[in-house]
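Me: Please take a close look at one part of this chain, starting from a single residue. I would then like to see what lies around the rest of the fold, with the cut-offs behind each term.

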Amino acid sequence: MEKLIDVAGLYLNPPEHALVLCADEKSQIQALDRTQPGLPIKKGRCGTMTHDYKRNGTTTLFAAIDMAEGKLIGTCMPRHRHQEWLKFLRWIDAQTPADLDLHLIVDNYHTHKHPKVQRWLGRHPRFHVHFIPTSSSWLNLIERWFREITDKRIRRESFGSVRKLIDVITDYIDKHNQSPKSFTWTAKAEDILEKVRRARAVLNEVASI
């Protein structure tokens, strides 16, 4: 409950002289190459693609979206260990105004809590990390952006190499930042908790039948 109130409060009442960033990694993005070219959309027929494909490797996208302006900070790396997370934190540090505090909303993945990450954060006091409740990825709005890039660019394309996949991801980020758009959060924490209580009551009634 405390984590929900904390994160929802950041969305609804962001602190002054600070940026609120939703951050996470989208791991194991596969460079899939269809065995045959798909047929394009035309009148009376949907676009098609073959069901079989060839795997050409994977990459991990690290991304953070600025909730005020919608600017996306992102980069791809081969793995998603604490070492890569630290590199991404340094990248965020370099890409944001040095005079602003940074409030990062992240999930509870153990990489984000690694002792070396904690020590680095201790040496960079402008970083403030806020963990969402367990099993509530919907509360981290970077997941909505991950869904967009998956639906609009990754899912329907063919990638003959990881390099091509990374180029497509980078191009999507660049175009997003030309006209950045963020997501608007409107739900108050107490409204969410009330819905949870109602749902729990209904489940209890069903279980008692």
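Reply:
**A loop residue and its surroundings**

His 17 counts as exposed, with a relative accessible area of 63%; exposed means over 50%, buried under 20% and partly exposed in between, with a 1.4 Å probe and protein chains only as cover. Please keep in mind that this is a predicted model, in which local features need pLDDT of at least 70 and side-chain atom pairs count only at pLDDT 80 or more, while totals for chains, interfaces and linings use all residues. Residues are numbered from 1 along each chain as its sequence is written, and side-chain values use heavy atoms, with hydrogens and water left out.

His 17 sits in the loop between α1 (2–12) and β1 (18–34). Helices (H or I, at least four residues) and strands (E, at least two) are DSSP runs, numbered from the N terminus. The backbone is worth a look here: phi of His 17 is near 55°, a positive value in a residue other than glycine. Further along, Gln 28 also has a positive phi of about 55° although it is not a glycine. Gln 28 lies within strand β1, and at 44% relative accessibility Gln 28 counts as partly exposed.

What does His 103 touch, leaving out residues up to four places away in sequence? The list holds Leu 10, Pro 15, Ala 18, Leu 19, Val 20, Leu 21, His 128 and His 130, where contact means heavy atoms within 4.5 Å. His 103 itself belongs to strand β4 (residues 101–106) and is buried, with a relative accessible area of 12%.

Let's step back to the whole chain for a moment. The protein has six helices and five strands, which run α-β-β-β-α-β-α-β-α-α-α from the N terminus on. Of its 209 residues, 39% count as buried. Among the contacts with a separation of 6 or more, 71% are between residues 24 or more positions apart. The accessible surface comes to about 12,600 Å², of which 53% belongs to carbon and sulfur atoms; the areas come from the Shrake-Rupley method with a 1.4 Å probe.

Phe 88 lies in helix α2, and at 0% relative accessibility Phe 88 counts as buried. Once neighbours within four places in sequence are set aside, the contacts of Phe 88 are Ala 23, Phe 62, Ala 63, Ala 64, Ile 73, Gly 74, Thr 75 and Met 77.

Together with Arg 90, Lys 116, Arg 119 and Arg 123, Lys 87 forms a positive surface patch. The elements giving two or more residues to this patch are α2 (82–95) and α3 (115–122). Patch members have over 30% relative accessible area and no salt bridge; like charges are joined within 9 Å, and nonpolar side chains (Val, Leu, Ile, Met, Phe, Trp, Tyr) within 5 Å. Lys and Arg count as positive and Asp and Glu as negative, while His and the chain ends are not counted; the place of a charge is taken as NZ of Lys, CZ of Arg, CG of Asp or CD of Glu.

Now for the paired charges. A salt bridge is a side-chain nitrogen of Lys or Arg within 4 Å of a carboxyl oxygen of Asp or Glu, and the count by this rule is seven. In one of them, Glu 84 pairs with Arg 81, with the closest N and O atoms 2.7 Å apart. Glu 84 is buried at 5% relative accessibility, whereas Arg 81 is partly exposed at 31%.

Another salt bridge joins Arg 153 and Asp 171, whose closest N and O atoms are 3.2 Å apart. This pair links distant parts of the chain, from helix α4 (residues 142–154) for Arg 153 to helix α5 (residues 162–178) for Asp 171, 18 residues apart. Arg 153 counts as buried at 19% relative accessibility, and Asp 171 as partly exposed at 27%.

Within helix α5, Asp 167 and Arg 163 are four residues apart, about one turn of the helix. Asp 167 and Arg 163 form a salt bridge with closest N and O atoms 3.0 Å apart, and Asp 167 is partly exposed at 42% relative accessible area. Finally, salt bridges that share partners join Arg 153, Glu 157, Asp 171 and Lys 175 into one network.
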